[in-house]
Amino acid sequence: MRSVTILGAGLVGSLLAIILRKRGYEVSIYERRPDMRSASISAGKSINLAMSHRGWNALALAGLKTEMEELAIPMYGRQLHQADSNLVFQPYSKNNEAIYSVSRGELNKKLMSLAEKEGVTIYFEQKCSKVDVQKNRAYFQLPDGSEKVLDADLLFGADGAFSALRHSYTQMDRVNCDHFYLEYGYKELNIPPGTKEKWLMEKNALHIWPRGNFMLIALPNTDGTFTCTLFMPFDGEVSFSKLNTKEEVTAFFVKYFKDAMALMPTYLEDFFQNPTSSLITTHINPWHFFF
Ligand SMILES: Cc1cc2nc3c(=O)[nH]c(=O)nc-3n(C[C@H](O)[C@H](O)[C@H](O)COP(=O)(O)OP(=O)(O)OC[C@H]3O[C@@H](n4cnc5c(N)ncnc54)[C@H](O)[C@@H]3O)c2cc1C
């Protein structure tokens, strides 16, 4: 039986492992991070997925659809929070269809556990540093500083936006690739659950505070919280670069997001503790090779 090596145990790597295992391959995954099911992974980049038909189809392939339905909250439309605090609801469909708010972390944990149950081996804290593409040979940095070399039969890169495998491909002749950073970044904030009613806003909606070239969004979680994300330019008149002190951040929220701010008791801590993350698009062509 040919063995398959996958770099990255994120959503794609874990799902791919399950599907290949179901087809009879021997599958191993090498993941840079510690096991998120036992280690606490720092918060701040855990934005929920807004999942639609394609995502559900993928989960059905893995046999996880029914289990995830219990953890998914249907959002039947956008709840717009206008600058004057008026609310406008825009349904996503005429037929009561929805997209679903799903915790990325919980989904990832379930996919990993299912992969292991199917017989996949996941090795954690194995950071791939480079790949010799012609030889299908991957190099890993281990936590003790040593290096490991692994020869794979079939190698898949599912190691995310800054893939070590993709980077190694870009060194090859006749490979086209590019990456493009948006001028916008994002920061995670949080709305806690209410005391009487569980959710402090409409639960079955994707909340958006549109403000021209920046916006705040909030997606519901099953524990009554909302995960909020502020999308905004890094630089410019209204931008992350202009928000450096507590006073500046408070004045910004009072001016643009007063109703949301009233629901976010920890917005200042969240703002300064959580990273401002970038958004990147990458392309590579060809994206698969056989030697
Ligand atoms: C702000 C934001 C909002 C989004 N919203 C949505 C949404 O609403 N709906 C939706 O469908 N999609 C959304 N996406 C896209 C979605 O997050 C990605 O498509 C998805 O996470 C990609 O999964 P992945 O497994 O390829 O990568 P990742 O989830 O990034 O997983 C990559 C894995 O590889 C590991 N890794 C990285 N480097 C190495 C290395 N060198 N060696 C070994 N392991 C490594 C990482 O630790 C990680 O576990 C959003 C993305 C962003 C940034």
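## Ligand shell, domains and helix packing

The shell around the ligand takes at least three residues from each of domain 1 (1-46 + 104-172) and domain 2 (55-102 + 178-291), with domain bounds that come from an automatic or database domain assignment. The structure is a predicted model, in which local features need pLDDT of at least 70 and side-chain atom pairs count only at pLDDT 80 or more, while totals for chains, interfaces and linings use all residues. Residues are numbered from 1 along each chain as its sequence is written.

In total 24 residues surround the ligand, and the closest are Gly 8, Gly 10, Val 12, Arg 32 and Gly 160; a residue is near a molecule if its C-beta atom, placed from the backbone, lies within 6 Å of it. Two or more residues of this shell come from each of helix H1 (11-22), strand E3 (49-51) and strand E9 (127-132), where helices (H or I, at least four residues) and strands (E, at least two) are DSSP runs numbered from the N terminus. By class, the shell holds 14 nonpolar, five polar and five charged residues, with Ala, Val, Leu, Ile, Met, Phe, Trp, Tyr, Cys and Pro counted as nonpolar, Asp, Glu, Lys and Arg as charged, and the others, Gly among them, as polar.

The centres of domain 1 and domain 2, taken over C-alpha atoms, are separated by 28 Å. Between them, 17 residues of domain 1 are in contact with 18 residues of domain 2, two residues being in contact if their C-beta atoms, placed from the backbone, lie within 7 Å. On the side of domain 1 that touches domain 2, H1, H4 and helix H5 (164-170) each supply at least two residues, and the largest share, five residues, comes from H4.

| Pair | Angle | Axis distance |
|---|---|---|
| H1 and H4 (residues 104-117) | about 30° | 9 Å |
| H1 and H2 (residues 53-62) | about 45° | 9 Å |

The contact of H1 with H2 is made by Leu 15, Ile 18 and Ile 19 of H1 and Ala 58, Leu 61 and Ala 62 of H2, which divide into six nonpolar, no polar and no charged residues.

Terms used: Axes fitted to C-alpha atoms, helices over the stretch in contact; angles between N-to-C directions.
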